[in-house]
Amino acid sequence: MAREVVDAMTMRRALTRITYEIIEQNKGVSNLVFIGIKTRGIYLAQRLAQRLKQLEGVEVPVGSLDITLYRDDHHAIDVAGQAELNGADIPVDINGKHIILVDDVLFTGRTVRAALDALMDQGRPAKISLAVLVDRGHRELPIRPDFIGKNIPTALDEQVAVALEEHDGHDGISIEKLE
């Protein structure tokens with residue numbers, strides 16, 4: 001049974017805090033591009049961009065990455081099939097830009113590593129930062145987020161589920177024990 005650990009209001013506050021931290025650490029936002037990792041990272045990137053526009057009056061481009069083919073823990077590869085990056089939708093040239101990579105949950109770090117590989121195939125940004133709604137620990141790679149909404153320590157037999165209005169019909173974060 002899942003137990004809610006973050007409600008909609010707390011999630012909204014966490015995203016607002018991340019937005020303020022991004023503004024403070026970047027002394028302006030003119031060179032920023034938000035790129036969300038499919039699926040929920042895309043919605044979070046859009047929310048951050050929307051909040052940034054409200055606070056600073058600046059429109060920051062938002063792109064998306066589907067990193068499925070870059071994962072190193074999915075080995076069912078069709079060798080005859082042509083490798084392609086599904087759904088890389090980045091509306092601007094990322095060369096020389098400061099990319100804020102956005103995801104919902106940081107766990108082992110493998111999704112972020114795959115996203116970095118996918119991003120580098122798109123161009124050469126000046127800087128890449130990582131914003132996550134939830135850092136649950138248990139890293140397997142040396143990856144650390146720059147912006148964190150909530151640190152939620154978990155056991156390995158637990159799953160963190162982020163629900164977003166745009167995808168799930170409501171906002172919230174819950175933890176569920178895996179069977």
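Select E158 first: beyond its neighbours within four places in sequence, E158 is in contact (heavy atoms within 4.5 Å) with R3, R136, I175, E176, K177 and L178. The residue belongs to strand β7. E158 is buried, at a relative accessible area of 14%, where buried means under 20%, exposed over 50% and partly exposed in between, with a 1.4 Å probe and protein chains only.

The model is predicted, so local features need pLDDT of at least 70 and side-chain atom pairs count only at pLDDT 80 or more, whereas totals for chains, interfaces and linings use all residues. Residues are numbered from 1 along each chain as its sequence is written, and side-chain values use heavy atoms, with hydrogens and water left out.

Next, display the sheet that contains β7. Helices (H or I, at least four residues) and strands (E, at least two) are DSSP runs numbered from the N terminus, and two strands pair if DSSP finds at least two bridges between them. This open sheet of 3 strands has the order β1-β8-β7 and antiparallel pairing. Its edge strands, β1 (3-6) and β7 (158-163), each pair on one side only. Between β7 and β8 (residues 172-177) there are 6 bridges; in this pairing, A161 stands opposite S174.

Now select residues 8-26, helix α1, which lies across β1, β7 and β8 and runs at about 35 degrees to β1. Axes are lines fitted to C-alpha atoms, for helices over the stretch in contact, and angles run from 0 to 180 degrees between N-to-C directions.

Move on to the open sheet of 5 strands, ordered β3-β2-β4-β5-β6 with parallel pairing. Strands β3 (62-65) and β6 (147-151) stand at the edges with a single partner each, so one side of each has no neighbour in the sheet. Strand β5 (residues 127-135) is joined to β6 by 4 bridges, and V132 has I148 as its bridge partner in β6. Then select helix α3 (residues 110-120), which lies across β2, β3, β4 and β5 at about 155 degrees to β4.

Finally, select residues 99-111, where an unreviewed UniProt entry places the short sequence motif "PRPP-binding"; such annotations may be inferred rather than shown by experiment. This stretch is 15% helix and 62% strand, and its end C-alpha atoms are 16 Å apart.
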